[in-house]
Amino acid sequence: MTNNRKKVHNDLEVVPTGFANGVAPGFPLSEGEKQDMIEKAAEAYGQFLDALGCDWRNDPNSSDTPRRVAKAYVHDLWKGRYTPMSEITSFPSDGYDGIVIERNIPLTSMCSHHHQTIGGVVHIGYVVGENGRVIGLSKLNRIVEHFGRRGAIQEQLTSAIHQAVDKICENNRGVIVSIVGTHNCVSCRGVKHQGASMVTTKASGVFLENDNLAREEFFDSIKINNSNHLV
Ligand SMILES: [Zn+2]
């Protein structure tokens, strides 16, 4: 079995280095480089608060806020820009040529335009081809985390996840990715509409055929238990 395992490299980036939805220059960063980045970002965020007229240095609730914000970006909100996704191993499908669906993968991301968070779920499906390759289910979650944990626009995020699954699950007959996202930049600022959600879907192969059973099976599947996600 070991000989049939195949390592996949993380060569899945699709936007220029340095963009908010791309990786940072020098990616992947060492722990020391991340620490330096946190120091610089904390100092700059303190100046940002100064400009907003916030006496954060004397406010016990805010005195450590610049550092908290910087750490949250580097370690959590923008983690995918600095820390590589662990290597993903694909496996032979051993004769299975059906559909694989994982639904309701939690998504936390950040809108590149407004730096407000995006919450939601991602549904992923693919049809295994003859002599195709499959991956462990949790690896789909890792792909969502890697591309979600950075700046994003939902349309491009959908494409990035689609391309990663398409490349890793070699010889597939089609891949479909659907994201249902709620954007705080819509609910908390600007138009301030609560409850609106955005649905984006990127499909390839058999999923582009409207009368195809795989497409029908995918959309039927994600309707189940969807009352919290497809409002
Ligand atoms: Zn926005």
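Student: Which protein atoms are the donors of the zinc ion?

Tutor: Bear in mind that this is a predicted model. The donors lie 2.1 to 2.3 Å from the zinc ion, and along the chain they follow the spacing C-x2-H-x70-C. The protein donors are C111 (SG), H114 (ND1) and C185 (SG).

Student: How many residues apart are C111 and C185, and which elements hold them?

Tutor: The pair links distant parts of the chain. C111 belongs to strand β3 (residues 99-111), whereas C185 belongs to helix α6 (residues 184-187), and the two are 74 residues apart.

Student: Which helix gives the largest share of the lining of the largest cavity?

Tutor: The count comes to one cavity of 30 Å³ or more, and the volume of the largest cavity is about 40 Å³. Its lining consists of E13, V14, V15, N21, F147, R150, Q156, L157 and A160, which divide into five nonpolar, two polar and two charged residues. The largest share, three residues, comes from helix α5 (residues 154-168).

Student: Which elements give two or more residues to the lining of the largest pocket?

Tutor: The largest pocket holds about 300 Å³ of space, and of the 13 residues that line it, A41, Y45, V69, Y73 and H115 are the closest to its centre. The elements that give two or more residues to this lining are α1 (31-51) and α2 (65-77).

Student: How does the lining of the largest pocket divide by class?

Tutor: Among the residues closest to the centre of the largest pocket are A41 and V69, and Ala and Val count as nonpolar. The whole lining divides into twelve nonpolar, one polar and no charged residues.

Student: What classes of residue make up the lining of the second largest pocket?

Tutor: This pocket has about 170 Å³ of space and is lined by K79, G80, T83, P84, M85, S86, R142, E145, H146 and R149. Both α3 (79-82) and α4 (137-148) give two or more residues to the lining, and the largest share, three residues, comes from α4. By class, the lining has two nonpolar, four polar and four charged residues.

Conventions:
Residues are numbered from 1 along each chain as its sequence is written. This is a predicted model: local features need pLDDT of at least 70, side-chain atom pairs count only at pLDDT 80 or more; totals for chains, interfaces and linings use all residues. Side-chain values use heavy atoms; hydrogens and water are left out. Donors are N, O and S atoms within 2.8 Å of the metal (3.2 Å for Na, K and Ca); water is not among the atoms, so sites may look incomplete. Helices (H or I, at least four residues) and strands (E, at least two) are DSSP runs, numbered from the N terminus. On a 1 Å grid over the protein atoms alone, a cavity is a set of points where a 1.4 Å probe fits but cannot get out, and a pocket is an open set with protein on both sides within 12 Å along at least five of seven lines; lining residues have an atom within 4 Å of a point. Grid points are joined across faces, edges and corners, and a volume is the space filled by probe spheres set on the points.
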